[in-house]
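Please keep the sequence and the coordinates open while reading.

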Amino acid sequence: MNFGDAWAGMMGAMTKESVFELLDYFHSQGGNFIDRANNYQNEQSESWIGDWLASRPGIRDQMVIATKYTTAFSTYKGHDGIIQSNTAGNGSKSLHTKKQREDLKKSGEGGRNMGGPSEKHLKLTDKLGEIANKKKIAITSVALAYVMHKAPYVFPIVGGRKIEHLKGNVEALGLELSDEDMSDIDNAAPFNVGFPMNFLGGPKGAKGPGDVWLTNMAGHFDYVESGKPIRPFQGRYEERGNPFAPKE
């Protein structure tokens, strides 16, 4: 969604050169999945990704390119002579603490401008920022690690406009959050699990048959525990250079 400058007013802008640099770094770190939509940046995004693939011989078969189509992607062209039935997807979320938002305004760089966060989200991002400062790591790294600590088979789709953003995403793969960290984040903005989970297991819901009070009233039952989240990789991520950079 960030790749382009057609939506600069609400997303910030990237030049084609900076998009290529970001994708080169992504590929050099082992990244191979790109999530797109045909309306992103008024079609610029997919076009530039295609140009990047075409300019990197042999790379296309290494990459998985996903796309979406749920809203009319060519409305920016107007309606005269165009049947607006082709569609595209759209969605975004931005994590910034209060200080980061103030710094963005001062720098004049700007970030995504698609509606401000709620008070609940501000409390959550402030807690993420607190943990990030304690661990001396990017706030987005903490957010991604939190999601991956919650359940097995969670594969977050990340986005960014700078290589340092992508480095923070990679950093999250090796970040271990303690039970206390997870509890602090959960309590910063409590989530209502809703009925019937809160009825069966209380405010935090039932994570397994052993949490269901109605079942426990009847006696003890053995059951297979749910799958555990994949633990962070504790090895070393090697910093690899850009294979497409000009040779000196």
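Two residues are in contact when they have heavy atoms within 4.5 Å of each other. Helices are DSSP runs of H or I with at least four residues, strands are runs of E with at least two, and both are numbered from the N terminus. The model is predicted, so local features need pLDDT of at least 70 and side-chain atom pairs count only at pLDDT 80 or more, while totals for chains, interfaces and linings use all residues. Residues are numbered from 1 along each chain as its sequence is written, and side-chain values use heavy atoms, with hydrogens and water left out.

Start with helix α5, residues 119-135. It holds 17 residues and spans 25 Å from first to last C-alpha. That is close to the 24 Å expected at 1.5 Å a residue, where the expected span is 1.5 Å times one less than the number of residues. The residue after α5 is K136, which has a positive phi near 55°. The buried residues of α5 are L122, T125, K127, L128, G129, I131 and A132. Here buried means under 20% relative accessible area, exposed means over 50%, and partly exposed lies in between (1.4 Å probe, protein chains only).

Two packed helices are described by the angle between their axes and the distance between the axes. The axes are lines fitted to C-alpha atoms, for helices over the stretch in contact, and the angles run from 0 to 180 degrees between N-to-C directions. For α5 and α8 the angle is about 160° and the axes are 8 Å apart. α5 is therefore roughly antiparallel to α8; angles under 35 degrees count as roughly parallel, over 145 as roughly antiparallel, 65 to 115 as roughly perpendicular and the rest as oblique. The two helices make a right-handed crossing. A crossing is right-handed if the near helix is turned clockwise from the far one by less than a right angle, and left-handed if anticlockwise. On the α5 side the contact residues are K123, L124, K127, L128, I131, K134 and K135, and these meet D181, D184, I185 and A188 of α8.

Which residue forms a salt bridge with D181? The partner is K135, with the closest N and O atoms 3.2 Å apart. A salt bridge is a side-chain nitrogen of Lys or Arg within 4 Å of a carboxyl oxygen of Asp or Glu. D181 lies in α8 (residues 179-188) and K135 in α5, so the pair ties together parts that are 46 residues apart in sequence. Salt bridges with shared partners join K134, K135 and D181 into one network. D181 is buried at 2% relative accessibility, whereas K135 is partly exposed at 30%. By the same rule the count comes to seven salt bridges.

The second pair is α2 and α3, which pack at an angle of about 60° with axes 10 Å apart. This makes α2 oblique to α3. K16, V19, F20, L23, D24 and H27 of α2 form the contact with W48, I49, D51 and W52 of α3. The crossing of α2 past α3 is right-handed.

Within this contact, the side chains of D51 and K16 form a salt bridge at 2.6 Å, N to O. D51 belongs to α3 (residues 44-54) and K16 to α2 (residues 16-28), 35 residues apart. D51 is partly exposed at 32%, and K16 is partly exposed at 33%. Another salt bridge joins D24 and R56 at 2.7 Å, N to O. D24 is in α2 and R56 is in the loop between α3 and β2 (64-66), 32 residues apart. D24 is buried at 3%, and R56 is buried at 12%.
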